[in-house]
Amino acid sequence: MYDVIIIGSGLGGLVCANLLSKKGQKVLVLERQHQPGGCLQSYRRGSMMYDTGLHYVGGLAEGQPLHDIFKELGLLSLPWQRLDTDGFDRIMVGDREYRFAEGFENFVEALAKDFPEDKESLQQYVSLLQCTDEEWMQKTNAYDYLSGIVRNPLLLSVLSGACLKMELKRDTLPLFTFVHGNAPFIQSSWRLKGDGNLMVRRLIDNFTSQGGEIVCDAEVEELVEKDGMIRKAVCKNGQTYEARYFISDAHPSVTLSLVKESQLLKKVYRRRIDNLENTNGMFTAQLLLKPGEVPYFNYNEFLYDGLEAWDGRGYMVSCRVPEDGSAYARQIDILTPMNICECAAWTDTRCMRRGEEYLQFKAQKARQCIAVAERFLPGLHEHIQEVHTSTPLTYRDYNLTPDGSAYGIRKDAAAPLLTVLSPRTSIPNLLLTGQNLMLHGLHGVTMTAMYTTKEIID
Ligand SMILES: Cc1cc2nc3c(=O)[nH]c(=O)nc-3n(C[C@H](O)[C@H](O)[C@H](O)COP(=O)(O)OP(=O)(O)OC[C@H]3O[C@@H](n4cnc5c(N)ncnc54)[C@H](O)[C@@H]3O)c2cc1C
């Protein structure tokens, strides 16, 4: 009998496992995939490792949001590389580039050189990024509020230009998501020198050294409720595991579908969760470059034709830190939002078996991404050795993420009570965690895991 069983070994599940086992709880993590980590896992092609859902993280320096918790989790001592302080994110609109400098004051001063008439708007913007009134930000529409304080449409697009790490949707996005998705990165931005598996391994080593256990290839297919509590998790391979508490890092609607018979989960609650919309997914082209040809760049480049940042278009180009200390890059990722509807023709297919037309669709999309990236890296196509691609279908099938969503359930400023979920469910010993509840990304998921574990330990 375990104290806590955690379903899913994404960042949310692994942070919960660490915090709980540190407090003496006997923890078991069950992961359906062969490899742990969810969106943090890496995959191998030839001799190279590629990341899936990790490009950069914000707020790791002392006094910043992730510093203390990453230290406690043993993640701070991983090889983090700070991005260029005078331009960690660079926004290219047409052929003009704008730089985000690190630190709120530097951020204002740097952009005020490009927008001298709008310095007051910039100051209001960074004050907003330091706002702590969570309740007000949850129910305030980001686009409406921002367009009120930033009247220049070009400046608004530039300020929103690094937001491919969230879904910029005019009619729903809460200010809370916008602020938490931007502020920590302006405080300081970091890339991991190595792949996401470094984080996954460190988290697993820590909690297993405290007596925790993890089992992969263990898809939970049922959570059995009896006398008002979940009593056991039944895996597809027939194994069953009992615990006092169950935490699910899987999507909430997937989690509820595991409780097949329940006295406590009302139909109306299930329907409400099933009807929540998910954010869009992502198309990623991961390029292996020929050695010694393209210099490494220590920042992210975001590319737009014009003012379309809030139309869910745009491209992010990110570079992996060369682990051998070379001045040249071997890997570049190009990301652009993609709705799973674009993959509708292959909905009923499974990974590696989607057929020739799907491969052609992905190759065409990758060519388009490379052509856009050439605006900033002219001649890029000549330096490419291999291209690997993923679509929302990839995330749907590997992580069981409905709609292959990149950031989980869509939050709506007009309905915060419905779209921001509590870790609690109507079954007292079944808790939720992960990016679908409150905030996504490494920062959001770590914070959410702290809320979840607080339900069990002090
Ligand atoms: C393309 C992309 C790029 C991103 N880049 C960044 C970035 O640069 N910086 C950043 O901060 N964030 C980034 N993110 C977001 C970040 O990766 C995620 O918010 C975070 O990793 C999600 O963690 P999670 O624990 O909520 O969920 P997940 O990582 O999805 O984990 C859920 C786990 O549950 C498992 N599971 C599901 N059902 C079951 C079951 N029945 N039984 C057992 N196991 C089950 C899944 O297999 C999976 O391992 C990116 C995301 C994407 C998609």
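**Labels and their cut-offs**

Modeller: Let's start with a pair of residues: Val-57 has Trp-190 as its bridge partner in β9. Residue numbers count from 1 along each chain as its sequence is written. The model is predicted, with pLDDT of at least 70 needed for local features and 80 or more for side-chain atom pairs, while totals for chains, interfaces and linings use all residues.

Biologist: What makes β5 and strand β9 a pair?

Modeller: Two strands pair if DSSP finds at least two bridges between them. β5 and β9 (residues 189-192) have 2 bridges, in the antiparallel sense, so they meet the cut-off. A strand here is a DSSP run of E with at least two residues, a helix a run of H or I with at least four, and both are numbered from the N terminus.

Biologist: Why are β5 and β6 called edge strands?

Modeller: The open sheet has 3 strands in the order β5-β9-β6, with antiparallel pairing. β5 (57-58) and β6 (80-82) each pair on one side only. In general, strands of a sheet pair through backbone hydrogen bonds, either parallel or antiparallel.

Biologist: Why does Pro-153 count as exposed?

Modeller: The label goes by other C-beta atoms, placed from the backbone, within 10 Å of the residue's own: 20 or more is buried, 12 or fewer exposed, in between partly exposed. Pro-153 has 12 such neighbours, so it counts as exposed. Pro-153 sits in helix α7 (residues 153-159).

Biologist: How do you know that domain 2 touches domain 3?

Modeller: The bounds, from an automatic or database domain assignment, are domain 1 (2-54 + 196-276 + 408-454), domain 2 (105-188) and domain 3 (280-402). Contact means C-beta atoms, placed from the backbone, within 7 Å. By that test, 13 residues of domain 2 are in contact with 11 residues of domain 3. On the domain 2 side, α7 gives the most, with 3 residues.

Biologist: And why do you say the ligand lies between domains?

Modeller: Domain 1 and domain 3 both give residues to the shell around the ligand, so the ligand lies between them. A residue is near a molecule if its C-beta atom, placed from the backbone, lies within 6 Å of it. Of the 39 residues around the ligand, Gly-8, Gly-10, Gly-38, Gly-53 and Gly-434 come nearest. Elements giving two or more residues to the shell include α1 (11-22) and β14 (281-289).

Notes:
Contact = placed C-beta atoms within 7 Å.
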